[in-house]
Amino acid sequence: VFPSLAQAQASVANEVYQALGQPSVFLFCPTEYCSSLCSPSPSRSCYLLTLGQELLPGIGVIWTGPKVVSQELSTTMLEEVEGVLQRRPVIWDNLYANDYDCRRVFLGPYTGRAHGLMPRLRGLLLNPNCELQANFIPIHTLSSWFQSELRSCAQPGHTGMETAAAVEDSQDLQEGSYSPQEALELALLDWVAEINEQALEPGR
């Protein structure tokens, strides 16, 4: 029925999206969801080019970065993906995912994400460790990074998210100065406090 996989997927996605009344959040994960899966590259992938042309504009497209688990995300890479998909991507961040090797647990700070990514993103999802309690530091430091990015976007004349009011509520880090090490230290302080509080609960 369809001349290509991309056209088949786009047709089905569009139909479901419309049948649901075009919800504000509707995410599509492509078969080529990172640069290493694209042939020969994201900007020259016939599959991604077709999706960019065929998918309705309100549909968000998930992207994991250069690889399935990406150590770094750059604005240049996001600009390339935005160009081919004709929309800003939703990053599905597997930095902490350990479902592929449950012997490992990732407890370091959120890092390797370039300053100024926010205007290039439609959203960001963090795929956590499978162990619930191990995700305090990942989520806490992601929050610090996010707040730093919001401050940057709130600068006068900056074209991005209008979030000045939300930014004023946070005082953890100085404007535009996200430091993974400082974020880790803040997270550890709060985690120890949380552990101590839980230890005092009856039955613990």
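Contact here means heavy atoms within 4.5 Å. The model shown in these views is predicted.

Figure 1. Histidine 140 belongs to helix 4, which covers residues 136-153. With a relative accessible area of 15%, histidine 140 is buried, because buried means under 20%. Once neighbours within four places in sequence are set aside, the contacts of histidine 140 are Leu186, Ala187 and Asp190. Helix 6 spans residues 180-199, and Ala187 is one of its buried residues.

**Figure 2. The buried face of helix 6.** Buried in helix 6 are Ala183, Leu184, Ala187, Trp191 and Gln198. Viewed down the helix axis, the buried residues fall within an arc of 90 degrees, so they line one face of helix 6. Helix 4 is included in what covers these buried residues. Leu189 and Glu197, on the other side of helix 6, are exposed.

Figure 3. The strands are arranged in the order 1-2-3-4, and their pairing is parallel. Strand 1 (27-28) and strand 4 stand at the edges; each has a single partner strand, so one side of each lacks a neighbour in the sheet. Strands of a sheet pair through backbone hydrogen bonds, either parallel or antiparallel. Between strand 2 (residues 60-63) and strand 3, the parallel pairing runs over two bridges. Tryptophan 63 is placed opposite isoleucine 91 of strand 3.

**Figure 4. The salt bridge between arginine 120 and glutamate 82.** This view shows one of three salt bridges in the structure. The side chains of arginine 120 and glutamate 82 meet at 3.0 Å, N to O. Distant parts of the chain are linked by this pair, whose residues are 38 apart. Arginine 120 sits in the loop between strand 3 (90-93) and strand 4 (123-126), while glutamate 82 is in helix 3 (residues 75-85). Arginine 120 is partly exposed at 23% relative accessibility, and glutamate 82 is partly exposed at 21%.

**Figure 5. The salt bridge between arginine 113 and aspartate 93.** A distance of 2.7 Å, N to O, separates the two side chains in this salt bridge. Arginine 113 is in the loop between strand 3 and strand 4, and aspartate 93 is in strand 3. The two residues are 20 apart, and the pair links distant parts of the chain. Both arginine 113 and aspartate 93 are buried.

**Figure 6. The salt bridge between arginine 103 and aspartate 101.** Here the side chains of arginine 103 and aspartate 101 meet at 3.2 Å, N to O. Arginine 103 is exposed, with a relative accessible area of 77%, whereas aspartate 101 is buried at 18%.

**Figure 7. The protein as a whole, for orientation.** The protein has six helices and four strands. Starting at the N terminus, its elements follow the order α-β-α-β-α-β-β-α-α-α. Of its 204 residues, 41% are buried. Among contacts between residues at least 6 apart in sequence, 71% join residues at least 24 apart. The accessible surface comes to about 11,400 Å², and 55% of this surface belongs to carbon and sulfur atoms.

Note on methods. Residues numbered from 1 in each chain as written. Predicted model: local features only at pLDDT ≥ 70, side-chain atom pairs only at ≥ 80, totals over all residues. Heavy atoms only, no water. Salt bridge = Lys/Arg side-chain N within 4 Å of Asp/Glu carboxyl O. Buried < 20%, exposed > 50% of the residue type's maximum accessible area, 1.4 Å probe, protein only. Pairing = 2+ DSSP bridges. Expected span 1.5 Å × (residues − 1). Arc of directions from axis to C-beta. Areas by Shrake-Rupley, 256 points an atom, 1.4 Å probe, with all protein chains shown as cover.
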